[in-house]
Amino acid sequence: MTVSTQDAFAPWQLGPLALRNRFIKSATNEGMAKGGVPSKALVEHHRSMAAGGAALTTVAYCAVTADGRTFEDQVLMDGASQPHLRVLTEAVHREGGAASAQLTHGGAFTFLPQLATKYPLSASGGFNPPGLMVGRWRKTEMNRTDMDAVAEAFVAAARRARSAGFDAVELHMGHGYLLSQFLAPAYNRRRDDYGGDAARRARFPVEVLSRVLEAVGRDLAVVCKLSVTEGHKRGASIEDVQETARRLEAAGAHLLVLSGGMNVEAPWAIFGSNMPASAVTDSIDNPLMRVAVRLSRLWEPKVAFRELYLHEHSRQIREAVQMPLAYLGGAKSLAGVRQVMADGFDAVVMGRALIHAPDLVNQFRDGRTTVSGCTACNQCVTSMYTAAGTHCVLGPAPDVGLNQVPAAL
């Protein structure tokens, strides 16, 4: 193991990147890029995380292609976004922090009204339940040409991230997005070298990682986000995830961020608790999506939040690899952070707790508090669909420039 017991406030080296401590702000869809243009509010959101003490803040869902977005109001990592994203990275750097761009392709999980292809791409073709919400009920199995094009799109996006001043990129391989669709047995029914056992299902995500590392790995930290459990009966086994982690380690990933759950099959496993019904339905404009959410709640299990809810699964990944690992999953107290570090994780990734109090890391460091005031109500998750974007409902909604481009800073 790379770490046995470490001080979470100690500096460390993540690939080519020096960080001031072990705290990372997780990628949490912000809803602050109307029409795909990064806003002044998005800059302020991440600046505040750096000012509050986080060593690395992650800009959520930077799509590598236009079709790779799940919604229209997401950052597209193209040339037009670069100058606005540079304003963001410079703001983070002025606060002493580093910035990571989460590079993602939604695959079959997309609600865009228009696509360049008739049906969305995925590991395998056939029926596509999420597509029913937008009248697109099928998905297309990717061929070699598609796979090469998507892999090169990740590479191009990583290069643009470097040009925009980012210090790291996070390749999203969890939660049911495209790379996760290759890893997931329920999505990947291929009979070629990219389907079957866990090693073959991991082949395309590993290829994407290898190409990105070759392109930018000497300059940027290259991180992979992985679901340690998919949270449903047809999901990948822990042994499958261990095999995937070993292959990502062998390919040279600088860090794995260990998450959990799937957007469609088990969203409660992502957050360790259920979404409040009213918050979900009230924040969604699409009537078909509201109906789908209501129906899905009829069979979802009732899950009560507990701190470190992915701890058991993540420890099994820790046992399988020697590479750096970051724990994600309900850390909200100084005791929880210390437990994670004592168990050999190299960093702790926090989302809701930092949305509640962006200066929580500094509060922990200075002894002003030992427990976050976040109640895990999950209303910040659904607030991304509101006019104010992602924010904690226990405090006032942000009033800074959601519809203003960051050039105004």
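Student: What do the buried residues of α11 pack against?
Tutor: They pack against α7 (238–251), β12 (255–259), β13 (325–328) and α12 (334–342). This is a predicted model: local features need pLDDT of at least 70, side-chain atom pairs count only at pLDDT 80 or more, and totals for chains, interfaces and linings use all residues. Residues are numbered from 1 along each chain as its sequence is written, and side-chain values use heavy atoms, with hydrogens and water left out.

Student: Which residues of α11 are buried?
Tutor: In helix α11 (residues 311–320), they are His311, Ser314, Ile317, Arg318 and Ala320. Buried means under 20% relative accessible area (1.4 Å probe, protein chains only).

Student: New topic. Which residues touch the most other members of the largest nonpolar core?
Tutor: Leu103, Leu171, Phe204, Val212 and Leu256, out of 89 residues. Such a core is a set of buried Ala, Val, Leu, Ile, Met, Phe, Trp, Tyr and Cys residues joined through side-chain atoms within 4.5 Å.

Student: And which helix gives the most to this core?
Tutor: Helix α3 (residues 144–163), with nine residues. Helices are DSSP runs of H or I, at least four residues, numbered from the N terminus.

Student: How do α3 and α6 pack?
Tutor: Their angle is about 35 degrees, and the axes are 9 Å apart. Axes are lines fitted to C-alpha atoms over the stretch in contact (heavy atoms within 4.5 Å). Angles run from 0 to 180 degrees between N-to-C directions.

Student: What kinds of residues make up that contact?
Tutor: Eleven nonpolar, no polar and seven charged. Asp, Glu, Lys and Arg count as charged.

Technical notes: Buried < 20%, exposed > 50% of the residue type's maximum accessible area, 1.4 Å probe, protein only. Helix = DSSP H or I, 4+ residues; strand = E, 2+ residues; numbered from the N terminus.
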